[in-house]
Amino acid sequence: MFATLAGKALVPVGLAVTGFMVVCCLILYSVIRDDLHRSEVVHATNLADTILKSTRYAMHKSDRETLATIIRNVGEQKGVDHVRIFNKKGSVTFSANPGEINRQVDKNAEGCIVCHKGPVPVNNLGTMQQARTFKNPEGLDVIAITAPIYNDPDCSSAACHVHSQSQKVLGTLDIGLSRAEHDRSLSMLRLQMIVFSAMSLLLTIGGVTALLRRNVFLPLQRLRNYVESSSQKNKLPEPPPRLPHDLDIIAARYYQAKMDAAVQKQYSEKMDAL
Amino acid sequence: MRFGDGMTALREQQVSDVIRESEDGADRLRQELIAEINREILRLQRFSTRGVLAMALFLVISLLAWWGFPFLPAPETATALLGKPPSARIISIALLVYTFSALILSLARMSAGVEHRSSFSHVGFLASFFLFYYFGRSLQENYWAVFGAGITILGVESYRIWSFCSEVISKKQEDRVYVTRTGRPPLE
């Protein structure tokens, strides 16, 4: 295969085009996945902010029933895996899942360690650092955001339940969103890219193969057949018609050389006879 | 025996000595030429495996990258020492430009029939891409892109080196037949 003209012409082109297209698709897929992940984090962060702003008034008023209702309603929303609020000590005070309330959370657990790895907890985190992804007990992918509930001036000065001004963080909101839709989009994208790449490759390699076969390999085959047949027959056939210009010159030169040799041979035979 | 006969015999002896010496010289030249061609064929045979060896080395490095370079310091240690690494997107753009340039260069060398020993340098470039992604903490997401680029570039390079060597070896074998037959150096 590698020794033939077709192999020599097509193998490196096929390899280079296929490989480059695969690399492009892999990089593009990676970039799109990264973008989707970023937008997912931004969406989850916005949702967490919305919940914090919605619950702010209830927190001010220390209206625990309204707060619990809001958290429960948000938790019932499609695509929300969990919503919970932790207090400063790390125990769940509100949750969409009633079984979790008053449960203590390990500060070394994923999502907590980001802030609690040092002796003094980190107060401010970037948007991307607040996010974590993991599999829930049902084995489904979840993206979770841990948003701190800061101690604003109106919290520390409120008449109802005053927090000390030195306390920077009052608790955290933890919201987890299902990644099923994200995974579905990615698998669709993967499938589309594979189909698109396969079609482009088939078209490119098929096109190159067809053009080479039509314009190079078939005329070469005709020229080869002509040379082989002319060496077997006594009468020299005419060169094959409609060859590409370069091959036509070769065929004409060959025909002329053979004709000259035949004339020379006839002349020598006549001279010998005399 | 007359004096003239003695002179003739001496002259014949001298001529036959000269002929024998020139025959020995031609034979020696032929042997030297054949030995030189054989050495060149051997060198080309060794050189033709260069692409495959580079590919094997790349596969070993890929395996280490797959295991997350267990012998290297953690990315945090390196970034604390060297500063913030470039983003994964910038590394990906560089990888794309590098892959494109390497393929174009390799195809150009193939069409020009140039003997160029570049395979192992490509392994170095590809290993540095693995390292950049590793220190940028995005190796897992971009592993297959580097692996695909490596297989493609080294595959084309291996083919280029192998086809170049095959052509030159068959030419050298023809030269050897010519030298054995005529005792003269090849025409070029």
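From the N terminus on, chain A runs through its elements in the order α-α-β-β-α-β-β-α-β-α-α. That gives 6 helices and 5 strands for chain A. Please bear in mind throughout that this is a predicted model.

Chain A has 274 residues, of which 16% count as buried. Among the contacts in chain A that link residues at least 6 apart in sequence, 54% join residues at least 24 apart. The chain is divided into domain 1, residues 8-178, and domain 2, residues 186-273. Where these domains meet, 13 residues of domain 1 are in contact with 12 residues of domain 2. On the domain 1 side of that contact there are 10 nonpolar residues, 2 polar and 1 charged.

I turn now to the sheet of chain A. Its 5 strands form an open sheet in the order S2-S1-S5-S4-S3, with antiparallel pairing. Which strands stand at the edges? They are S2 (92-95) and S3 (131-135) of chain A; each has a single partner strand, so one side of each is left without a neighbour in the sheet. From one strand to the next, the twist averages 25°. Helix H1 of chain A, residues 5-60, packs on this sheet and touches S1, S3, S4 and S5 of chain A. The direction of H1 makes about 45° with that of S4(A).

Is S5(A) largely enclosed or largely in the open? Of its 10 residues, 7 are buried, so S5(A) is largely enclosed by the rest of the structure. On one side, S5(A) pairs with S1(A), residues 80-87, in the antiparallel sense over 7 bridges. S4(A), residues 141-150, also runs antiparallel to S5(A), and 9 bridges join these two strands. Gly171(A) in S5(A) stands opposite Asn87(A), and Gly171(A) is also the bridge partner of Ile149(A). Further along S5(A), Gly176(A) is the bridge partner of Ala144(A).

Let me move to chain B. Helix H2(B), residues 50-66, and helix H6(B) pack at an angle of about 170°, with their axes 9 Å apart. With the threshold set at 145 degrees, H2(B) and H6(B) are therefore roughly antiparallel to each other. Residues of H2(B) in this contact include Met55(B), Phe58(B) and Trp66(B), while those of H6(B) include Tyr143(B), Phe147(B) and Trp162(B). By class, the contact of H2(B) with H6(B) comprises 12 nonpolar, 4 polar and 2 charged residues.

None of its 8 residues is buried, so H3(B) lies largely in the open. Just after H3(B), Gly83(B) takes a positive phi of about 100°.

Finally, the contact between the chains. How many residues of chain B are in contact with chain A? There are 22, and they meet 16 residues of chain A. On the chain B side, helix H4 (88-112) and helix H6 (139-182) each supply at least two residues. The largest share, 12 residues, comes from H6(B). The residues on this side of chain B divide into 13 nonpolar, 7 polar and 2 charged.

Thank you for your attention.

Note on methods:
Residues are numbered from 1 along each chain as its sequence is written. Chains are lettered from A and ligands numbered from 1 in the order in which they are written. This is a predicted model: local features need pLDDT of at least 70, side-chain atom pairs count only at pLDDT 80 or more; totals for chains, interfaces and linings use all residues. Two residues are in contact if their C-beta atoms, placed from the backbone, lie within 7 Å. Helices (H or I, at least four residues) and strands (E, at least two) are DSSP runs, numbered from the N terminus. Ala, Val, Leu, Ile, Met, Phe, Trp, Tyr, Cys and Pro count as nonpolar, Asp, Glu, Lys and Arg as charged, and the others, Gly among them, as polar. Axes are lines fitted to C-alpha atoms, for helices over the stretch in contact, and angles run from 0 to 180 degrees between N-to-C directions. Angles under 35 degrees count as roughly parallel, over 145 as roughly antiparallel, 65 to 115 as roughly perpendicular and the rest as oblique. A residue is buried if 20 or more other C-beta atoms lie within 10 Å of its own, exposed if 12 or fewer, and partly exposed in between; C-beta atoms are placed from the backbone. Domain bounds come from an automatic or database domain assignment. Two strands pair if DSSP finds at least two bridges between them.
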